[in-house]
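This briefing describes one protein chain, topic by topic. Please have the structure open while reading.

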Amino acid sequence: MTRRPPATDPAPGPVGLTVQARPWARGTVLALYGELDLDSVDALWAALDAALAAPAAVVVIDCAGLEFCDSTGLDAMFRAQDRAAARGSRIELARPRPPVLRMLELTGATDVLPVRDVPPSGPGRPTGRE
């Protein structure tokens, strides 16, 4: 009988950020999954560039899948809001997890970036909550 080595914990999965964009009646929803930090902020910037290309757009950043956000991510959201405002657009956040929401509240970000309970529904189908 062959002896097997003891089981080890699986290697940690990839760390980073995945951004999924989908259109809706008034703009774009960007769903974030993973960690938003210095190493992954470029993925958010690329998605924001595309989402803010249209004038007077509303970009909702769905944070339900965001596990971590550091000051780099927060700074990116503030800068995106400034850029959006200059183009007649705006940024909103949706469904931040408790640790992310706490960070947003402690830094005053919720005074600048509106937070909604749910992201908008699919393209062209407003739900009345938007």
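Which residues are exposed on the other side of α2? They are Ser71, Arg79, Asp82 and Ala86. The model is a predicted one. The protein has 4 helices and 5 strands, and along the sequence these follow the pattern β-β-α-β-α-β-α-α-β.

**Overall figures**

- Of the 130 residues in the protein, 40% are buried.
- Among contacts with a separation of 6 or more, 67% are made by residues 24 or more positions apart.
- The accessible surface of the protein is about 7,700 Å², and carbon and sulfur atoms account for 54% of that surface.

**Strand β3 and its partners**

- Strand β2 (residues 27-36) is joined to β3 by 9 bridges, and the two run parallel.
- Within this pairing, Glu35 stands opposite Phe68 in β3.
- β3 is also joined to strand β4 (residues 90-94), here by 5 bridges, and this pair runs parallel too.
- Asp62 stands opposite Ala94 in β4.

**Crossovers**

- A right-handed β-α-β unit is made by β2, helix α1 (residues 41-51) and β3.
- From β3 the chain crosses through helix α2 (residues 71-86) to β4, and this β-α-β crossover is right-handed.

**Helix α1**

- Val41, Leu44, Ala47, Leu48 and Ala51 are the buried residues of α1.
- Seen down the axis of α1, these buried residues fall within an arc of 125°, so they line one face of the helix.
- An α-helix has 3.6 residues a turn, so residues three or four places apart point the same way.
- Asp42 and Ala50 are exposed on the other side of α1.
- The cover over the buried residues of α1 includes β1 (17-24), β2, β3, α2 and β4.

**Helix α2**

- α2 has 16 residues and should span 22 Å at 1.5 Å a residue; its end C-alpha atoms are 23 Å apart, which agrees.
- The buried residues in α2 include Gly73, Leu74, Ala76, Met77, Ala80, Gln81 and Ala84.
- These residues cover an arc of only 155° around the axis, which puts them on the same side of α2.
- The exposed residues Ser71, Arg79, Asp82 and Ala86 are on the other side of α2.
- Elements covering the buried residues of α2 include β2, α1, β3, β4, α3 and α4 (109-112).
- Gln81 lies in α2, and its relative accessibility of 14% counts as buried because the cut-off for that class is under 20%.
- Not counting residues up to four places away in sequence, Gln81 touches Arg90, Ile91, Val112 and Leu113.

**Leu93 in strand β4**

- Leu93 is placed in strand β4 and is buried, with a relative accessible area of 1%.
- Leaving aside neighbours within four places in sequence, Leu93 is in contact with Ile61, Cys63, Met77, Leu104, Leu113, Pro114, Val115 and Arg116.
- Leu93 and Leu30 are 63 residues apart along the chain, and their C-alpha atoms are separated by 9.5 Å.

**Positive phi outside glycine**

- Ala56 is a residue other than glycine with a positive phi, near 55°.
- Ala56 is in the loop between α1 and β3, and it is exposed, with a relative accessible area of 57%.
- Arg95 is not a glycine either, yet it has a positive phi of about 50°.
- Arg95 is in the loop between β4 and α3 (98-106), and at 37% relative accessibility it counts as partly exposed.

Key
Residues numbered from 1 in each chain as written. Predicted model: local features only at pLDDT ≥ 70, side-chain atom pairs only at ≥ 80, totals over all residues. Heavy atoms only, no water. Pairing = 2+ DSSP bridges. Right-handed = clockwise from strand over helix to strand, strands pointing away. Buried < 20%, exposed > 50% of the residue type's maximum accessible area, 1.4 Å probe, protein only. Arc of directions from axis to C-beta. Contact = heavy atoms within 4.5 Å. Areas by Shrake-Rupley, 256 points an atom, 1.4 Å probe, with all protein chains shown as cover. Expected span 1.5 Å × (residues − 1).
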